[in-house]
Amino acid sequence: MSSQRWRPVIFLLVAVVAIWTVALAGFHIARNARVTADKIKAYVESVSFSKLNGDERAKAIQKLAEMLNSLSVEERRNARLERVTWAWLRDMTEDEKATFIEATMPTGFKQMLSSFEQLPEEKRKRAIDDSLKRLREAQARLAAGEGAPNPGTNGEPVLSEELQAKIRTIGLKTFYSQSSAQTKAELAPVLEELQRVMESGRPMRGR
C-alpha cells in the first residue's frame with residue numbers, strides 16, 4: 001500500500017530528471033554549435049583558400065559569409081575589428097570580394113545610407129563620430145584582454161583619417177558606391193556601427 005502511494009512521486013521525479021537531462025543536453029549542443037569570431041578565425045586558418053579552385057572557392061566563400069552573418073552583434077563587431085576574414089580577402093579576386101562583401105553587409109544598409117545622406121551635415125558628422133567612438137571603445141576592450149585582436153590591427157585607427165576626409169568631402173553613399181572592394185571591406189565595421197547608431201535614433205536627438 002505504501003509503495004503504491006509513493007509510485008506517482010517516483011514517476012514524477014524520474015520525469016523531472018529526464019526533462020532536465022534533455023534540456024542540459026540541448027543547451028550544450030546549442031552552445032557548441034554557436035558560431036563565434038574565434039570559430040571563424042579557426043575556420044579561415046584551417047583552409048588554404050589560395051589553393052582552392054572553381055566551385056571549391058565559391059562554396060568556401062559562401063560558408064564564410066554564412067558564418068559571419070550568424071554572429072551576434074558583439075561577436076560580429078569583434079570579427080570585423082580583428083579582420084578575421086582578411087587572410088582570405090587578400091587572395092580573393094575583385095569579383096569574389098564584391099560577392100563576399102555584398103553577402104555580409106547587414107540587411108537594409110543601402111536604405112540606411114540613403115537616410116544618412118538626407119540628414120543635415122551636423123547630424124551626419126555626429127553619427128559618424130558616434131560610430132567611430134563606439135568602435136574605438138570596442139577595440140580598446142579587445143586590446144585590454146576581452147578579446148585577442150590581430151597584431152596587424154592592434155593600435156590602428158578604426159578608419160584612417162584619409163578615408164574619413166573623403167567621406168566628409170564627397171558623401172558616404174557616393175564614396176561607398178565608387179570604392180573598390182578592398183575599401184568597402186575597410187568601411188564594413190563603420191557602416192555596420194553607423195546602421196546601429198541610425199536605428200537607435202541618436203543622431204536625430206539633441207546633444
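Which residues touch the most other members of the largest nonpolar core? I found I40, W88, F100, F116, Y176 and L191, out of 51 residues in that core. A nonpolar core here is a set of buried Ala, Val, Leu, Ile, Met, Phe, Trp, Tyr and Cys residues joined through side-chain atoms within 4.5 Å. Helix α11 (residues 181-200) gives the largest share of this core, nine residues. Helices are DSSP runs (H or I, at least four residues), numbered from the N terminus.

I noted that this is a predicted model: local features need pLDDT of at least 70, side-chain atom pairs count only at pLDDT 80 or more, and totals for chains, interfaces and linings use all residues. Residues are numbered from 1 along each chain as its sequence is written, and side-chain values use heavy atoms, with hydrogens and water left out.

Next I looked up L191. Leaving aside residues up to four places away in sequence, L191 touches M105, F109, M112, L113, L172 and Y176. Contact means heavy atoms within 4.5 Å.

Then I turned to salt bridges (a side-chain nitrogen of Lys or Arg within 4 Å of a carboxyl oxygen of Asp or Glu). I got 14 of them by this rule.

R80 and E192 form one, at 2.7 Å from N to O. R80 sits in helix α4 and E192 in helix α11, 112 residues apart. Are they buried or exposed? R80 is buried at 12% relative accessible area, and E192 is buried at 4%. Buried means under 20%, exposed over 50%, partly exposed in between (1.4 Å probe, protein chains only).

Terms used
Helix = DSSP H or I, 4+ residues; strand = E, 2+ residues; numbered from the N terminus.
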